[in-house]
Amino acid sequence: MTLTINPALDITTDTNRVTPTDKMRCGLPRYDPGGGGINVARIAHVLGASVSALFPAGGHAGDKVTDLVADSGVPVQRITVARSTRESFTVDEDSTGQQYRFVLPGPRLTDAEQTECLDKLSAAAASADFVVASGSLPPGVPSDFYQRVADICRERGALLILDTSGPGLRHISSGVFLLKPSVRELRECVGRGLISESEQLAAAHELIDHGCAQVVVVSRGPQGALLATPYGSQRYSAVTVPPGSGVGAGDAMVAGITVGLSRGWRLDKAMRLGIGAGAAMLLTPGTAHCTREDVERLFEMVADPIDIDGPRRNDGERRRATGDQWLSARARTSP
């Protein structure tokens, strides 16, 4: 299941040129349900996984998001809230190929609404193998909210995959199975520049050593991704595709990794599916989700990873580090 505490109604359109003051005549808008966990759920469904989406929603925008998620075939668990769900606006500039993205903060959730979200999460996580919590925190939600989510998942025996930023990421102290920051998010979390690959890996291993997560995946855009485990690291190259929107590519990567793990794949193979799914999102307009055919085709094009940071492990440890059985056992038995 997925949790999206700050969903959005994503609106995408295009215009010839973005200029100040003047009215800009736009093309027909496209409406998609947005927010990290919702994006993950839609793509996981496309890839054939059994998944449900839990999120708060309010107002006409919340009704539209709920209908769009349901229409995509994903079962919905909605918490109705008093204030309206936010809208996000993306404009593609036809004359330059540039993209402009405007993201609103989201509604303020009351304490009672937050409690209802966590109660429904607790009930649903009891029968879930994986919980993916993804996206920003809306106003009124405390910075330790995702740590509370991690505690619930640990109690219920579900593996938590977390993709967030800012205070929500900085206040994680334990209980996450797999953490997926971008380089920018990781930089903000540790408060350092992280220019080189070695610096990025060092920061990822710091989070592991401090008990925040068992596995850290650092997404690096066109440079691919880094996988850090307690026994070492791997580098994954990106797949070359024509430049496209890129909206939701990180969410697609999370979806691919989670779907691969849910199939019982080794972590390194699941990573390749995540790389393929992220690349497939570059082929879609606006916030539309990728197709299964594109993901599977690009998955086959992902090169084998390169082992790095070798002194941390021997060959036997490397095999355990990329094997889902070891990781799952660790996650379910960790205090």
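Contact here means heavy atoms within 4.5 Å. Helices (H or I, at least four residues) and strands (E, at least two) are DSSP runs, numbered from the N terminus. The views below come from a predicted model, in which local features need pLDDT of at least 70, side-chain atom pairs count only at pLDDT 80 or more, and totals for chains, interfaces and linings use all residues. Residues are numbered from 1 along each chain as its sequence is written, and side-chain values use heavy atoms, with hydrogens and water left out.

**View 1. Helix α4 and what covers it.**
Start with α4, residues 145-156, a helix of twelve residues. From first C-alpha to last, α4 reaches 17 Å, close to the 16 Å expected at 1.5 Å a residue; the expected span is 1.5 Å times one less than the number of residues. Look for the buried residues of α4, which are F145, Y146, Q147, V149, A150, I152 and C153. Buried means under 20% relative accessible area, exposed over 50%, and partly exposed in between (1.4 Å probe, protein chains only). Their cover includes β1 (2-3), α3 (111-125), β8 (130-134), β9 (159-163), α5 (166-170) and β10 (176-179).

**View 2**
Strand β4 (residues 53-57) pairs with β5 in the parallel sense over five bridges, and L54 has Q77 as its bridge partner in β5. Two strands pair if DSSP finds at least two bridges between them.

**View 2. Strand β6 between two partners.**
Strand β2 (residues 8-15) and strand β6 (residues 86-93) run parallel, joined by eight bridges; A8 has R86 as its partner in β6. With strand β7 (residues 99-103), β6 runs antiparallel over five bridges, and S88 has V103 as its partner in β7. β6 and β7 form a hairpin with five residues between them, and G97 in the turn has a positive phi of about 80°.

**View 3. T4 in its loop.**
T4 is found between β1 and β2 and counts as buried because its relative accessibility is 1%. A polar atom of the T4 side chain lies 3.2 Å from the backbone nitrogen of G37. Leaving aside residues up to four places away in sequence, T4 touches G34, G35, G36, G37, I38, L54, F55, P56 and S134.

A213 sits in strand β11 (residues 213-219) and, at 5% relative accessibility, counts as buried. Not counting residues up to four places away in sequence, A213 touches V176, F177, L179, L207 and I208. The model has zero disulfides, a disulfide being a pair of cysteine sulfur atoms within 2.5 Å. For C212, the nearest cysteine sulfur is that of C189, 7.1 Å away. C212 is buried, with a relative accessible area of 9%.

Notes. Polar contact = N/O pair within 3.5 Å; in protein donor to acceptor, adjacent residues only side chain to side chain.
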